[in-house]
Amino acid sequence: MANIHVVLLLSPLLAFTFCCLTFAADPASLQDFCVADSNNQVKMNWLACKNPAWVQANDFSFSGLHNPGNTGNPFGSAVTPVTVAQIPGLNTLGISMVRIDYAPWGVVAPHYHPRATEILTVIEGSLEVGFVTSNPDNRLISKTLQKGDVFVFPIGQNPGVSTIANVVFGSKPDISTDILAKAFQVDKNIVQQIQWRF
């Protein structure tokens, strides 16, 4: 049975500045919603807002997460995104969601989300998950999750550096050579040679 997990991405922003009776923060919306208008060529931080009079219930819904993705690819995984492209009502909210289907031994290539915390829930099967801390420790924090388990991948609060080569090939303990070989589509021996240098 394929391993499935759902990832909820949250991106809260908050900043305070006190100076001369000034307060700054990620402001609350000045309107009820800002449904994306994909036909508008004006691009801002997000997409331009659709005229509120034209907003429909379909702008806030998506159907399709019940459909398994095609895992018949070299990674053995399929990502079904639910972002502002699929739900225009997510525009400016800083939140999205994905369904990831895995074939046995499937992987998602090593990656990071610079502006979001990721919450992952295993719906069926089991899944090895983890993240690597920033330099200089590059410590691998990982766990095998079972059905119903949740794991959080924190947004980087440390303004330090995560050198990709150090993080991927020099983590302590090592990320599995099987996982890296599949993610980078190279022979396991090549991964081991690279890991040895770190």
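1. Accessible areas here come from the Shrake-Rupley method with a 1.4 Å probe, and for residues only the protein chains shown count as cover. On that basis the accessible surface of the chain comes to about 12900 Å², and 60% of this belongs to carbon and sulfur atoms. The structure is a predicted model, in which local features need pLDDT of at least 70 and side-chain atom pairs count only at pLDDT 80 or more, while totals for chains, interfaces and linings use all residues. Residues are numbered from 1 along each chain as its sequence is written, and side-chain values use heavy atoms, with hydrogens and water left out.

2. The chain has 3 helices and 7 strands, where helices (H or I, at least four residues) and strands (E, at least two) are DSSP runs numbered from the N terminus. Read from the N terminus on, the elements are ordered β-β-β-β-β-β-β-α-α-α. Of the 198 residues, 31% count as buried, a word that stands for under 20% relative accessible area, with exposed meaning over 50% and partly exposed in between (1.4 Å probe, protein chains only).

3. In helix α2, which spans residues 177-184, the residues T177, L180, A181 and A183 are buried. They lie on the same side of α2, because they cover an arc of only 165 degrees around the axis, the arc being that of the directions from the helix axis to the C-beta atoms. Among what covers these buried residues are α1 (164-169) and α3 (188-197). At the start of α2, a side-chain oxygen of S176 comes within 3.2 Å of the backbone nitrogen of D178, and Q185, which follows α2, has a positive phi, near 55 degrees.

4. The loop between β2 (77-82) and β3 holds N91, which is buried, with a relative accessible area of 0%. The side chain of N91 reaches the backbone oxygen of C34 at 3.0 Å. Leaving aside neighbours within four places in sequence, N91 is in contact (heavy atoms within 4.5 Å) with C34, V35, A36, W46, L47, A48 and V84.

5. H113 lies in the loop between β3 (95-102) and β4 (117-124) and is partly exposed, with a relative accessible area of 30%. E118, by contrast, is found in strand β4 and counts as buried at 7% relative accessibility.

Note on methods
Polar contact = N/O pair within 3.5 Å; in protein donor to acceptor, adjacent residues only side chain to side chain.
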